[in-house]
Structure formats: C-alpha cells, structure tokens
Amino acid sequence: MTAGFTPPEPQAVAALKDIAGSGGWRDGADMARYFEDPRGRFTGQATLVLRPDTVETVSKIVCYCSAHKIGIIPYSGGTGVVAGQLSPDTPNAVIVSLDRMNKIREVSVEDGVLVAEAGCILQNIHARAAQENMIFPLSMASKGSCCIGGNLATNAGGIQVLRHGNARDLCLGVEAVLPDGSILNELSPLRKNNTGYDLRHLLIGSEGTLGIITAASLILKPLDPESVTVFCAIRDHSDGVSLYKELRADLGESLSAFELMSGFGVDLVRRHFPKFPAPFAQRHDWHLLLQLDGPKGMPAQVEEVMGRMLEKNLLSDAVIAQSATQSEDLWALRENTPEANRMEGAFCSSDTSVPIRKISDFVKETSAALRDIHAGLRVNTYGHIGDGNIHHNVFAPEGTSKADFLRAHPDMVDAVRMAINEVTHKSGGSISAEHGIGRLKAADLEIYASTAKQTALRAIKDALDPHNIMNPGALLR
Ligand SMILES: Cc1cc2nc3c(=O)[nH]c(=O)nc-3n(C[C@H](O)[C@H](O)[C@H](O)COP(=O)(O)OP(=O)(O)OC[C@H]3O[C@@H](n4cnc5c(N)ncnc54)[C@H](O)[C@@H]3O)c2cc1C
C-alpha cells in the first residue's frame, strides 16, 4: 500500500516543483480535481500534483522519485473506475498527471498510424482521425474525458471490441518512462517487429505499476462508407446470444457493436435524462443496440436480415435509425447508462466477462444469487454481448435511499461483490473484463488469480520497480 511510504520531505517537494517548472505543478486546494472518483465513492489524496510537459521532464521526475523512494501515481483523464489513479488511504505519494502532454505529434495515412501523447483526450483523437477519413476505433462513454495514456494503461475495452479489439490491439508502440527514469522509445509504426519481449504489451494493462506511458503510436482504420444503428426489443438475454450467433454468420465483420440493455436500464436512463425518446411505444424487458459499419449496399442487407430475425421470432421489434440524429438518440440511451447508474445510487458495479455461450446462465445465476442476498435489490444488467462482458449495477430497493440501506446492511457491498465474483469464477470468467484491478480489486485478484500468475506478476514488478515507487497499492498490494 502507499501507506508504506513516508510523506515526501519539504525539500523533496521543492525539488520536484523545481523540476516540473512554472505551471508544472499544483498543491493545496488546487489538487482537488485530481482526487475525484467518477462514481463518487471515495476521495483521493496526494502530497503534490506534477504536470510535466515533455518526456524528458517526466524522466527527471521519476529519477528523483526513484532516488528518494517517493511513490508516483500516474494520472491521465481520471475516469478510471477501480481507484487506480486515486489513493484514498494516504497522501504519501505524488500524482504525475499527463494533462499537459496532449499533442498529436504525427499522422501518417500511408502507415495508418497516429502518434498521440498520453494526455490526448480520446475524442480528440477520433476528431483528428476523421479529418483523414479514418477512424481510431476505441470508444466508450467516457471518451470526452479519458485519455489515451489511461486507455492503454487499463487496456480499455468499450463498445467496438467485437470488431476492432481492446486498446492493446490498436497500439503499435509506446514511449514510456520506466521506474528507474530511463526513457523507452518504441513509437514504432511497424506491424511486424519480433525483437524480443514485447515491452509495449507489458506496459499496456499494467495500470501505471511498471512505468508512465508518455506517447503511443495508434492504428487508424479506413472509415466504412455505410453505417447502420439498430435498436431491438428481445424476449431475454438468451435470445440476445442466439441473435448474436445468427447475425455474426449473416453480417460478419460489419458488426461493430452488440450491446445488451435491460428494460430497467432504459427506464433508468429515461428517468434521469427524460429528453431522450423511448425507442418503442411499448415497454420491453430486454434490448439490443447494434452498430454495423460496412460497404455500400449494407443497409439493405441489414434490413433484410432483421426482417428474417423477426420471422424467426428472435426479435419482438426493431427500429433502424433513419438519420444521424436518431442514431445519436438511440446511442444516448446506452452512453448515459453509467451516469444514470451513478445518479440512481448504484452501490456495486461489476465488470465481468464470461464465455459468450455462458452469458445467459451467468445472468440467471447472478440474478438468483442477488435475490438470495436481498429480495428487494434492483439490478441493471447490461454489457457487450460480443465480448461476453456483462456489467451488473446494483441498487437499494425502490423507495429506500442508498445511505439508509447500507447503514442497515453494513456487509451488503461485500456480499454482492463476492456473490458476483463467485458465479464469474465458476463460469470460467474474469472478475475484471475491461476496467482493470486498481486498488479496488487488488484483494480480489489475490483470491482468483492462480499462484503461478501471481508469482509471475510479482517477479515482473520486482524486477522493473524494485523500490515499488510506481503506483504502489494498485494492482499488486
Ligand atoms: C462514464 C464512464 C464510462 C466508461 N466506460 C468504459 C468502457 O466502456 N470501457 C472501459 O474499458 N472503460 C470504461 N470506463 C473506465 C475508464 O474510462 C477507462 O478505464 C479509461 O481507460 C481510463 O482512462 P483515463 O485517461 O481516465 O485514466 P485514469 O483514470 O487517469 O487512470 C487509469 C489507470 O491508468 C493509470 N494511468 C493513467 N495514465 C497513465 C499513463 N500515462 N501511464 C501509465 N499509467 C497511467 C492510472 O494510474 C490508473 O491506474 C468508463 C468510465 C466512465 C466514468
């Protein structure tokens, strides 16, 4: 834990401020925005926030911290949901924020590569790619705030993993500062490069525990000529999985997103964001939101396939968006789901993945386990069917406030989390599909990761960061 560190001495704080230079640090009340948890569960702490604007300055900061055994918490957009960028228990570390390293250094259409600094907001990368009629196909509801450094550090997923993969699959190389302060420059545009251990992949998903990513070369893909959004009503999640199988066979690679949404979830978004229209006149218990991107002529093919699915009784109803605005309104129901969960007062938000064929049993078994804990719990189940990634957001019974409920049931949060973890483990799944481990799930990793895996993780960490200065307490306690 960060608790193992003593607070940086005043002369160390002065020296770090000096290295970062004017405008390169914040302290006191000016640090407050770096302490916010996007789900409002806890508040971070730190002695100082450093805001370097070059990789050389990052290197000097890390060298100093390594020599004086000062803990560093790397920070990009602050949207992480597992407290990897937040230290609620102790202020004995410094935050290194990449927010001033936010330039797009280079775009090469020939190589299909964009080189961005770690503090580039994901949405800005989308906009720059669009200028070249290309896409950077990593997207998620936090795209207006999260940054590519954090996306890579967490190996973020999102809504297009089905077709384009996780952040890991969209990165050709990184520039990073390692825990001894050395600069690793592997900003390669090469798609083939078999020259030893792939350090890029070691840093991706390491959640700031092995170094600070300062820039990355990212894969751009051509923009498809046609795009179709479909909102479907289905009987239940098992029909969702059957439809996924059918549509993969009929529409193949065109399927970019395949999102499951519960009727309760759509109700919740509309309760908190009434401006978004209901997709259907009638209420349905389950929905799918599909995005298809492909060649000219694809919309007619989609219409024909959806008609066939209706005849097969796999769909109860379907809306095909007729305009960009209608598509945005349908996607708004999905993209505002995390915020609606927060506003409603979710006290547990899971991020599990299971084999796709087991999704339906997983939803049934977790729902039953949660009912056994407390019959009144309300659960918003949604996720990315094509990745087997299901999120359960759990709320106090209707009419009871979260605070009152948790006061009356102090063990509730742990009981719910562990019930979901147990079904996940039994189903051969992962307790963290796309959000990472951070500080929130570090204890759970010790329960569910094999001894062989934990030993290897620890050996890698000890070899690269012998003083445990990089994000202490996150991922490995
Ligand atoms: C509304 C909402 C929706 C979301 N939807 C999704 C989703 O669909 N899919 C998904 O995967 N996630 C999702 N997330 C979670 C979050 O957006 C991602 O984890 C994102 O990748 C974090 O990026 P960030 O820049 O905000 O990183 P931060 O929060 O700043 O940091 C996250 C972690 O990465 C480390 N880190 C940050 N920058 C660096 C760096 N430059 N070098 C090394 N380590 C670093 C931090 O120490 C921390 O451990 C969502 C979050 C919100 C609030």
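Analyst: This is a predicted model. Start with the shell around the ligand, where H4 gives the most, with 4 residues. Helix H4 (148-153), strand S3 (71-75) and strand S10 (212-219) each supply at least two residues of that shell.

User: How many residues surround the ligand, and which are the closest?

Analyst: The ligand is surrounded by 35 residues, and the closest are Pro74, Ser76, Thr79, Gly80 and Ser142.

User: Which backbone atoms lie by the nitrogen and oxygen atoms of the ligand?

Analyst: A polar contact is a pair of N or O atoms within 3.5 Å. A backbone N or O atom of Gly157 lies 2.9 Å from a ligand oxygen. For Gly158, a backbone N or O atom is 3.4 Å from a ligand nitrogen, and a polar backbone atom of Ile213 is 2.8 Å from a nitrogen atom of the ligand. Of the 970 Å² of accessible area that the ligand has on its own, the protein covers 94%.

User: Which members of the largest nonpolar core touch the most others?

Analyst: Leu247 and Phe258 do, in a core of 42 residues. Contributors of at least two residues each include helix H7 (237-251) and strand S13 (255-262). Domain 3 (226-338) and domain 4 (345-434) each provide at least three residues of this core. Leaving out residues up to four places away in sequence, Phe258 touches Leu247, Tyr244, Leu290 and Ile385, among others.

User: Is Asp236 buried, partly exposed or exposed?

Analyst: Compare its relative accessible area with the cut-offs: under 20% is buried and over 50% is exposed. Asp236 has 26%, so this residue is partly exposed. Asp236 sits in the loop between S12 and H7.

Conventions:
Residues numbered from 1 in each chain as written. Predicted model: local features only at pLDDT ≥ 70, side-chain atom pairs only at ≥ 80, totals over all residues. Heavy atoms only, no water. Core = buried A, V, L, I, M, F, W, Y, C linked by side-chain atoms within 4.5 Å. Buried < 20%, exposed > 50% of the residue type's maximum accessible area, 1.4 Å probe, protein only. Domains from an automatic or database assignment. Contact = heavy atoms within 4.5 Å. Near = heavy atom within 4 Å. Polar contact = N/O pair within 3.5 Å; in protein donor to acceptor, adjacent residues only side chain to side chain. Areas by Shrake-Rupley, 256 points an atom, 1.4 Å probe, with all protein chains shown as cover.
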